[in-house]
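Take a walk through this protein with me. Keep the structure in view as you read.

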Amino acid sequence: AELVAQERRLAIAGLGGAKLPFLVYNDGLLPFISMTKGERLQVKLVNKLSEHTSIHWHGVRVANGMDGIPWLTQAPVQPGESYVYDFVPPDAGTFFFHPHCNETGQIGRGLTGILLVDDAVDPYHGRNLLAIRDWRIDPAKRNFLPMTTDKGAATSGTFGTVRTVNGAVQPNIPVDPHPDFNRL
């Protein structure tokens, strides 16, 4: 697989069609990688950003060289360069991946993804993924606001102005009940 980190102007569904300068892997928000425990994950990160980046596999136990911590576990991936992440996730679960370079700016503008590692013996029964995000978008919905504020830094964090689920404002997401629901 290949993840190309780049800037793309995208619209958030339900936000009036205005396109904002998101940072994404490949062509859209929130790429989803699904695999089975025991499989090898090989992902080539291609950096088309104007700054260095990396991928940290949040919550996944990996060897240091695959952990994406710049200058500590790997050299940061410079603009125009690439890096191959190659490991076998030891645990099943739902994880997310993101950069550990300019985290506030790169994650704040969208550079994140989901990794689902299914258990071959006891697989998940449902596939209703809900990724909840808030974004710091200006009132005109044309650009991003600063990712942090002094007040936010001094308290519980800087909150976004727009909230989304799976990249859309107030989406309608059909959810089927669990097959055993009627027996509860």
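The side chain of Thr-155 reaches the backbone oxygen of Lys-151, at 2.8 Å. This is a predicted model. Thr-155 sits in the loop that runs between α2 (150–154) and β10 (162–165). Thr-155 is exposed, because its relative accessible area is 54%.

Now turn to the sheet. Four strands form an open sheet in the order β3-β8-β7-β5, with mixed pairing. The strands β3 (32–36) and β5 (56–58) stand at the edges, each with a single partner strand, so one side of each has no neighbour in the sheet. On average, neighbouring strands here are turned by 25 degrees against each other, direction ignored.

Find Leu-116 in β8. Ser-34 has Leu-116 as its bridge partner, and Thr-94 stands opposite Leu-116 as well.

Next, follow the side chains along β3. In a regular strand, side chains alternate between the two faces of the sheet. In β3, Ile-33 and Met-35 point to one face and are buried.

Charged side chains come next. The count of salt bridges is four. One of them joins Arg-109 and Glu-7, with the closest N and O atoms 3.0 Å apart. This pair links distant parts of the chain: Arg-109 is in the loop between α1 (103–108) and β8, Glu-7 is in strand β1 (residues 2–11), and they are 102 residues apart.

Arg-8 forms a salt bridge with Asp-27, at 3.3 Å between the closest N and O atoms. Arg-8 lies in strand β1 and Asp-27 in the loop between β2 (19–25) and β3, so the pair ties together parts 19 residues apart in sequence.

Arg-61 and Asp-91 meet in a salt bridge too, at 2.7 Å from N to O. Arg-61 is in the loop between β5 and β6 (82–87) and Asp-91 in the loop between β6 and β7, so this pair ties together parts 30 residues apart in sequence. Arg-61 is exposed, at 54% relative accessible area, whereas Asp-91 is partly exposed, at 27%.

Which side chain of opposite charge is nearest to Arg-133? That is Asp-134, 5.6 Å away. Arg-133, in strand β9 (residues 132–135), is buried yet has no salt bridge. The cut-off for a salt bridge is 4 Å. The side chain of Arg-133 instead reaches the backbone oxygen of Ile-107, at 2.9 Å.

Terms used. Residues numbered from 1 in each chain as written. Predicted model: local features only at pLDDT ≥ 70, side-chain atom pairs only at ≥ 80, totals over all residues. Heavy atoms only, no water. Helix = DSSP H or I, 4+ residues; strand = E, 2+ residues; numbered from the N terminus. Buried < 20%, exposed > 50% of the residue type's maximum accessible area, 1.4 Å probe, protein only. Lys, Arg positive; Asp, Glu negative; His and termini not counted. Polar contact = N/O pair within 3.5 Å; in protein donor to acceptor, adjacent residues only side chain to side chain. Pairing = 2+ DSSP bridges. Axes fitted to C-alpha atoms, helices over the stretch in contact; angles between N-to-C directions.
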